[in-house]
Amino acid sequence: MMLRPRPWITALEPYVPGTPADDPTGALASNESSLPPSPNVRGAVEAALATANRYPDPLADDLRLRLANGFEADPSQILVGNGSDELIYLLVTAYAAAGGAVAIADPPYRLHEVAARALGASVCRVPLRRWTHDLPALAEQDVDLCFVCNPHNPSGTTLPRTAIEAMLDDSRSGLVVVDEAYVEFADDPREVSALPLAVAGRLVVLRTFSKIHGLAGLRLGYMVGPVGVIDTLRRIRPPFSVNALAQAAAAAAVGDGARVEAVRAHTSSARARVRDLFGAHGYETVPSQANFVLVLCPGDERALVDALSAGGVRVRPGSALGAPGTVRVTVPSDDGLRLLGESLARYRP
Ligand SMILES: *Cc1c(COP(=O)(O)O)cnc(C)c1O
């Protein structure tokens, strides 16, 4: 038989990651943490290596219990994945694949769209309004899954939980999924996070160890949501997708609240300095609650990306994120801030 990809797959392009920097100090294209993970991670990973001949715990019970205690949730309301990206694929597989429909923002977080297209779901894009989700328009979408990204990537804007709760009351979609990859960086995460709604079983919240915990390389995300949704996803998930080293690392990171606080504090002050730097060079920026800043540079995107790159700083061109005329800059370390300042100072548009 002729071998052909499914027809909806032919139109897809492979994912293009942010360009790596020669020196990690200038790696500001992928919203990774510019700071290393908790020092407790190393010992935990080394200890887990001793039993690496065994398969990992499929549901990561130790980690689930720690997370559940912190959220005052039941462990049955939590599911781990190989990054939250895997959980996005599982949600689309279970609820929208092969002819279902997904609503996303425009511009979206890329993976929300890619998962839907890869699995044969149709996609309704709802444009942002002043860089913020248009919740009334999203609520009107008659879809299986509605993705809300809060804080939003690539803009960095947030919605208060009260707005999401109001949207939920009006929503026509089967399930609302709130992607909170950056919520720990918000000035007041408790005002922003929809976690209480997830614990009440009304929607799904996605979280990750890739950002505030600095574990992007180990791949661990989790969701909190209705037990029925989690039971459904357990039927289709690859049982061992979250490896034992990642589970050990995440448990150690969760236990180090002081480290999380330090990363939050650094990000908050460095984020303000990134905005000041670009502001001093005449660029407008979107007020961000995440670990990145969207810089508005209409007509200047390519030149700005190239000029920063010449100085050793890699940022993400907005065109690659569905937001042409912008660049997205990850909040750097203190050394990275200096490098960014020097690269910008040398640029004369
Ligand atoms: C970075 C990011 C994630 C994290 O994905 P992982 O697979 O957990 O690394 C999820 N959602 C958004 C919006 C992100 O920007």
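**Exercise 1.** Which residues do ring pairs link into a cluster?

Solution. Start with the ground rules: this is a predicted model, where local features need pLDDT of at least 70, side-chain atom pairs count only at pLDDT 80 or more, and totals for chains, interfaces and linings use all residues. Residues are numbered from 1 along each chain as its sequence is written, and side-chain values use heavy atoms, with hydrogens and water left out.

Next, the pairing rule: rings of Phe, Tyr and Trp (its six-membered ring) pair if their centres lie within 6.5 Å; planes under 30 degrees apart are stacked, over 60 edge-to-face, and the rest tilted. The cluster that comes out is Phe71, Phe209 and Tyr222.

**Exercise 2.** Count the aromatic pairs, then describe the one formed by Tyr55 and Phe240.

Solution. The rule gives five aromatic pairs. Tyr55 and Phe240 make a stacked one, with 4.5 Å from centre to centre and 25° between the planes. Now place the partners: Tyr55 sits in the loop between helix 2 (40-49) and helix 3 (61-71), Phe240 in the loop between helix 10 (227-236) and helix 11 (244-254), so the pair links parts of the chain 185 residues apart. (Helices, H or I with at least four residues, and strands, E with at least two, are DSSP runs numbered from the N terminus.)

Last step, accessibility: buried means under 20% relative accessible area, exposed over 50%, and partly exposed in between, with a 1.4 Å probe and protein chains only. Tyr55 has 66%, so it's exposed; Phe240 has 38%, so it's partly exposed.

**Exercise 3.** Do the analysis again for Phe209 and Tyr222.

Solution. Geometry goes first: the centres are 5.8 Å apart and the planes make 50°, a tilted pair. As for location, Phe209 is in the loop between strand 7 (204-208) and strand 8 (221-224), while Tyr222 is in strand 8, 13 residues apart. Phe209 has a relative accessible area of 0%, so it's buried, and Tyr222, at 5%, is buried too.

**Exercise 4.** How does the radius of gyration of the chain sit with the globule rule?

Solution. Begin with the inventory: 14 helices and twelve strands. The rule is 2.2 Å times the number of residues to the power 0.38, and the radius is taken over C-alpha atoms. For 349 residues the rule gives 20 Å, and the chain's radius is 20 Å, so it is as compact as a globular protein of that length.
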